[in-house]
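Please read the following walk through this model with the coordinates open beside the text.

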Amino acid sequence: PKVIFSGIQPTGVPHLGNYLGALKQWKDMQDSSHHSDTLFFSIVDLHALTIPGNADKLRRDRREMLTSLLAIGLNPERSTIFYQSSVPQHAELQWILSCTASTGYLSRMTQWKSKLSTLTTQSSPPSQQPDPTISSPALKHGLFSYPILQAADILLHRATHVPVGSDQKQHLEFARECVTNFHSSWSLTAPHSRIFPSPRTISLDTSSRVMSLQDPTKKMSKSDPNPKSKIFINDDEATIRKKINAALTDSVSTTVGRIDPVNRPGVANLLEILGGFSGKTGQEVADEISGDSLAQLKMLTADAVIAGLAEVRDRFILFGEDTEANRKRVKEIEDVGTNNALMSAMKTMKMVKEAIGLS
Ligand code: TYM
């Protein structure tokens with residue numbers, strides 16, 4: 001049986017990248033899962049603390065993410081949906097893993113390196129590699145050890161399959177490295193003594209990296225301040241159409257032609273998005289409509305996004321309303337989710353503690 005685990009940070013309503021890259025897969029895996037499989041989807045609020053914020057905003061964002069996960073079609077009777085911070089074992093296992101994780105590996109992670117270079121550009125000469133010992137007060141340890149907490153999330157539930165967008169591939173490779181390091185440091189190398197399975201990355205070939213509508217060389221990102229760069233899963237029809245019509249394309253040709261992500265990244269992105277809603281690759285879509293104008297491509301893409309998100313948007317409104325019934329339902333989902341996740345966590349921690357001499 002599979003154990004499927006994934007997480008999302010509560011940092012605003014998910015966008016099309018989150019949806020096509022990850023959330024749609026969560027729902028599809030849930031619906032096609034075997035009854036002996038278990039599924040965990042976590043709202044990773046501890047990870048969200050790496051973005052310094054505001055308590056009331058985080059409270060709202062957590063609740064809004066729960067609404068979003070129900071809106072995309074997760075069924076709380078089938079999938080365990082829970083807040084990471086409700087299960088303290090995530091942080092406990094993180095510490096244990098951090099004792100066998102390599103700082104060298106962590107310092108080579110792209111997410112850390114890009115943060116480092118944006119935060120230290122003023123203090124280090126441009127030609128030089130950013131030096132983490134340059135003390136920038138903005139460089140926090142939580143950001144450095146972020147991948148260990150992510151590995152702990154996955155390992156705590158002994159997950160076998162992790163559906164994510166392609167930007168998370170390096171983090172998952174690190175999680176597998178944590179499995180190896182942990183087992184070898186504690187001499188748990190015989191097959192029967194290993195505690196953690198090596199988690200597999202489940203990523204789509206297409207739409208695993210949806211790009212910004214305004215700068216198609218960058219990924220669509222929650223932290224992009226330009227709202228026109230992304231489509232939210234609860235955007236209405238008119239907004240979706242407006243954003244797609246305003247998407248940056250190019251003047252290489254007025255027709256779609258062949259897919260060419262290097263020279264025509266904006267067009268390729270629209271083709272991938274269009275394909276993402278019909279289970280086709282961008283290449284296949286391009287072959288079908290190569291003679292169409294870019295205006296037609298935008299129209300087709302907007303139609304597909306609107307149709308593909310219609311149910312999601314309806315459910316978002318339904319579950320997001322602040323009614324007595326919704327408050328009760330949310331409370332129940334939170335309680336059940338916490339209990340299921342706690343049970344799974346306690347089982348693993350018992351094995352871990354026995355294996356390393358903490359019991
Ligand atoms: P987060 O919250 O940034 O994103 C959630 C999911 O959305 C995917 N994604 C994208 N996919 C395609 N195109 C894009 N432009 C795009 N932007 C985001 C991400 O790949 C992700 O699958 N570190 C994780 C959260 C996490 C996690 C975990 C994931 C914490 N613990 C354990 C898996 C397992 C993150 O920040 O995702």
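**A walk through the predicted model**

The axes of helix α3 (residues 55-71) and helix α13 (residues 324-356) come within 12 Å and cross at roughly 90°, where axes are lines fitted to C-alpha atoms, for helices over the stretch in contact, and angles run from 0 to 180 degrees between N-to-C directions. The two helices, α3 and α13, are therefore roughly perpendicular to each other; in this scheme angles under 35 degrees count as roughly parallel, over 145 as roughly antiparallel, 65 to 115 as roughly perpendicular and the rest as oblique. On the α3 side the contact is made by Arg63, Leu66 and Leu70, which meet Asn326, Arg329, Val330, Ile333 and Glu334 in α13, contact meaning heavy atoms within 4.5 Å. Sorted by class, the contact of α3 with α13 has four nonpolar, one polar and three charged residues, with Ala, Val, Leu, Ile, Met, Phe, Trp, Tyr, Cys and Pro counted as nonpolar, Asp, Glu, Lys and Arg as charged, and the others, Gly among them, as polar.

A word on conventions belongs here. The model is predicted, and local features need pLDDT of at least 70, side-chain atom pairs count only at pLDDT 80 or more, while totals for chains, interfaces and linings use all residues. Residues are numbered from 1 along each chain as its sequence is written, and side-chain values use heavy atoms, with hydrogens and water left out. Helices (H or I, at least four residues) and strands (E, at least two) are DSSP runs, numbered from the N terminus.

Turning to the strands, β1 (residues 3-8) and β2 (residues 38-43) pair in the parallel sense over six bridges, two strands being paired if DSSP finds at least two bridges between them. Within this pairing Gly7 stands opposite Ser42 in β2, and Ile8 stands opposite Ile43 in β2. Strand β2 is also joined by four bridges to β3, with which β2 runs parallel, and here Phe40 has Thr80 in β3 as its bridge partner. How covered are these strands? In β1, five of the six residues are buried, and in β2 five of the six residues are buried, where buried means under 20% relative accessible area, exposed over 50%, and partly exposed in between (1.4 Å probe, protein chains only). In a regular strand the side chains alternate between the two faces of the sheet. In strand β3 (residues 80-83), Thr80 and Phe82 point one way and Ile81 and Tyr83 the other way, and all are buried.

Among the helices, α10 (residues 265-276) has twelve residues and reaches 16 Å from its first C-alpha to its last, close to the 16 Å expected at 1.5 Å a residue; the expected span is 1.5 Å times one less than the number of residues. Helix α10 is mostly covered, with ten of its twelve residues buried, including Val267, Leu270, Leu271, Ile273 and Leu274. The cover over the buried residues of α10 includes α1 (16-32), α9 (237-245), α11 (282-289) and α12 (294-320).

Several single residues complete the picture. Gln89 is found in helix α4 (residues 89-98), and because its relative accessibility is 11%, Gln89 counts as buried. Not counting residues up to four places away in sequence, Gln89 touches Leu156, Leu342, Ala345, Met346 and Met349. Ser98 also lies in helix α4, but Ser98 is partly exposed, with a relative accessible area of 24%. The C-alpha atoms of Ser98 and Ile148 are separated by 6.4 Å, although these residues are 50 apart along the chain.

Trp112, in helix α6 (residues 110-120), counts as buried at 9% relative accessibility. Leaving aside neighbours within four places in sequence, Trp112 is in contact with Leu106, Ser107, Leu139, Lys140, Leu143 and Phe144. The C-alpha atoms of Trp112 and Ser145, 33 residues apart along the chain, are separated by 9.3 Å.

Which backbone angle marks Arg158, which is not a glycine? Arg158 has a positive phi of about 50°; its place is in the loop between α7 (141-156) and β4 (161-163), and at 31% relative accessibility Arg158 counts as partly exposed. Ser187 has a phi near 50°, a positive value in a residue other than glycine, and is found in the loop between α8 (169-185) and β5 (200-202). At 59% relative accessibility, Ser187 counts as exposed.
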